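This report describes a single protein chain.

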Amino acid sequence: MTIDTATLAPAVGTPLSRVEGREKVMGEARYAYEQPIEGVAYAAAITSTIATGEIAAVDASAALAIRGVRAVISHENAPRLAEVADGELMLFQSSRVAYRGQIVAAVVAESLETAQEAAGAVRLDYRPVEHDVELRPGHPRFYKPEKVNPSFPTDVAHGDIDAGLAAAEVVVDATYTTQPIHNNPMEPHASLAVWEDGGLTLYDSIQGTWRAHNDLAELFELEPERVRVISEHVGGGFGSKGTLRPQAVLAAVAARIIERPVKVALTRQQLFSMVGYRTPTIQRVRLGAARDGRLRAIGHDVFEQTSTVREFAEQTAVATRMMYAAPDRLTTHRLVALDVPTPSWMRAPGECPGMYALESAMDELAIACGLDPIELRIVNEPERDPEKDIPWSSRSLVACLREGARRFGWEGRDPTPGARRDGRWLVGTGVAASTYPAYRAPSQATARLDADGGFTVQIAAADIGTGARTVLTQIAADALGVDPAQVRMEIGDSDFGQAQLAGGSMGSTSWGSAVVKACRELRAAMVKAGGEPLGRAVEV
C-alpha cells in the first residue's frame, strides 16, 4: 500500500458531515440506557424528603409484596463500599441524610413501571434536625478551603490592597450576587451495570470513561482491569457528567445484589439535586484607580456554598488574577458548608460568574472616571501575567476589543442609559472582556491498519454532542494521509486507555495530540514495512 498525500486536501477545516449523523437521525445510536443487554432489571431511586437528619426506619413490606419487585435497597441491607473522597458516591452507607433529594433507598424490579410503583410504596421514617441553607459570612461552617477547583491557591495577594485603595483617586466598591444554575442535559444521567465473573461493566452517560473506571475500581475495591466503562454516545453534559454520579453507583450496587444487569435513569426532577450545579456566589469587587483610569488596586472576594457531603470550591476569582495590571491586588475565596446538594462543574466553572463581577465593576469604574469602557480596559492591559510575572504565550484582548468596536460602530453610539428605543424596547450598548484557559492533558490512542485497507483508531474520548468523533476522524485522516472515509473512529471505552474527559475545553487538543502521534507512528511503520498491513496497534 502506497501512501500519497499530494492530491489530498486537509481534512481538518474542510466541512464534513458528522460521522455518526445517520445513526442519530435514524435512531440507531445507542445511548447508555439503550444497550441491548439480556435479562435486565430496573431500579428506581427513592430520594429524601427532609433537608438533614437521619432515617429512623425503612418499611419495605408493601413494596416487596408487589409482583415483580426483586429488592428494596437501603442502608440496612446494602453492601459495604470503600470510603472514598467523593461522599456523593457512598450510597446507602449510613442512615444520615445530608440534603433534600439525596438517594436514600431504591427499588429493583422486572419493569421500570413496577420499580416506580414500588418506590412509592416504601415508607421511610425520618428524624429530621434543624437545617441551614443560607449562604452568609459569619456562618458557623464558614471557612477557607485549602484550594479552589481544580488546584489553584485559595487566596493570592500582591502588594497592599488597603494602601492601594486608600491612595486611589477613584474607588469602586461593589457587591454582586449570582444565583444557582442547574445543568439539565437532553439525555438524563443513566447507567446500565453488568457484573460478570467478578468484574463490572458499566454503560454510562458520562464525559470521561477512564476516570470513572478508576473511581468504580476504588469504590468496589476491584483491580482496575476488572472494571470497564463504556459511553458510546452522550446526549449533552455541560459539566454535570464530568465525573461519576450516584445513579451509576446505584446501578452497580443493585446489579450486584440481584445478580442481574440493572438499568437506572434519573428523572428530570432528580437532576436538580444530585448531579451538580453552579454554586450561587456573593462577590465583592474593589477597584482603585487614578483619574485617567489606571488601576492602582484590585480586590475580589468571593463567598460560595458547598455541601456537607463533599467540598467543591469554584475558582471564581482566578481570572481576576490575570486580567488587568495593578500593583496592589488581592483575590480570596471562602466557603460555607450548607445542608444542600453539592455544587460541581458547569460550563466555564469559576470564569463565568467571576468575569461577570469583575467586568461589571470595570464598567462602573469607567463611568466614575468618565472614560470609554473599552479604553479603560486597554489602558489597564498587562504586558506580562500579573500573577506569575511571565510573558504571555498569546494574548489578543486589545486587538479583539478594537476590532469589535470597529465592527459594532462603537464610536457612533450614545452611551447615555435609556437614550435609544425601538418601539417599546430599550436599546443599549455594552462591552465585557473574558478569558478562558488553554489546557491539554495526557491521553492514549491506538491506530491500526485493517485487512480491508481502512484504518481503526481507538481512544477513550467522549462526544457529548460537540462533534468530537468527527473532528478526531479528520485529525486521524490528516495524520495518516488518507481520506476521512477510510478512518473508523472508536471512542468512549475505558479499555482504550487513559484519556482526558470532555471538559475544560481541552478534549480535542488532548485527544487529538494522542491520535496524531499514534497515526504518524503507524504510518511510519507501514512505510518501513513496505506498506504491508501490520496486524498490530500502536499505542502512545
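## The largest cavity

By class, the lining of the largest cavity comprises three nonpolar, three polar and three charged residues. Here Ala, Val, Leu, Ile, Met, Phe, Trp, Tyr, Cys and Pro count as nonpolar, Asp, Glu, Lys and Arg as charged, and the others, Gly among them, as polar. The model is a predicted one, in which local features need pLDDT of at least 70 and side-chain atom pairs count only at pLDDT 80 or more, while totals for chains, interfaces and linings use all residues. Residues are numbered from 1 along each chain as its sequence is written, and side-chain values use heavy atoms, with hydrogens and water left out.

The lining residues are Val 156, His 158, Ile 298, Thr 320, Arg 321, Arg 329, Leu 330, Thr 331 and Glu 387. Two or more of the lining residues come from each of strand S10 (156–158), helix H8 (320–323) and strand S18 (328–338). S18 gives the most, with three residues. Helices (H or I, at least four residues) and strands (E, at least two) are DSSP runs, numbered from the N terminus. The volume of the largest cavity is about 60 Å³, and a search of the whole structure finds one cavity of 30 Å³ or more. On a 1 Å grid over the protein atoms alone, a cavity is a set of points where a 1.4 Å probe fits but cannot get out, and a pocket is an open set with protein on both sides within 12 Å along at least five of seven lines; lining residues have an atom within 4 Å of a point. Grid points are joined across faces, edges and corners, and a volume is the space filled by probe spheres set on the points.

## The second largest pocket

The second largest pocket holds about 750 Å³ of space. It is lined by 25 residues, of which Met 322, Trp 392, Thr 435, Tyr 436 and Pro 437 are the closest to its centre. Strand S9 (152–153) and H8 are the elements that give two or more residues to this lining, and H8 gives the most, with three. By class, the lining has 14 nonpolar, five polar and six charged residues.

## Loop between H8 and S18

Ala 326 is placed in the loop between H8 and S18. This residue is buried, with a relative accessible area of 7%; buried means under 20% relative accessible area, exposed over 50%, and partly exposed in between (1.4 Å probe, protein chains only). From C-alpha to C-alpha, Ala 326 and Glu 311 are 32 Å apart in space, with 15 residues of separation in sequence.

## Helix H6

Helix H6 (residues 246–258) has 13 residues and reaches 18 Å from its first C-alpha to its last, close to the 18 Å expected at 1.5 Å a residue. The expected span is 1.5 Å times one less than the number of residues in the helix. H6 is mostly covered, since 11 of its 13 residues are buried. Among these buried residues are Pro 246, Leu 250, Val 253 and Ile 258. Glu 259 follows H6 and has a positive phi, near 60°.

## Strand pairing

Strands S4, S2 and S6 form an open sheet of three strands in the order S4-S2-S6, with antiparallel pairing. Strand S4 (96–97) and strand S6 (123–128) stand at the edges, each with a single partner strand, so one side of each has no neighbour in the sheet. Six bridges pair strand S2 (residues 53–59) with S6 in the antiparallel sense, and Gly 53 stands opposite Pro 128 in S6. Two strands pair if DSSP finds at least two bridges between them.

Strand S21 (residues 445–449) is mostly covered, with four of its five residues buried. S21 runs antiparallel to strand S22 (residues 455–459), and five bridges join the two. One of the bridge partners is Thr 456 in S22, which pairs with Arg 448. Five residues lie between the strands of this hairpin, in which Gly 453 takes a positive phi near 90°.

## Cysteines and the whole chain

The count of disulfides, each a pair of cysteine sulfur atoms within 2.5 Å, comes to zero. Cys 369 is buried, with a relative accessible area of 13%, and Cys 519 is buried at 0%.

The chain has 13 helices and 24 strands. Of its 540 residues, 53% are buried. Along its principal axes the C-alpha trace spans about 75 × 75 × 50 Å.
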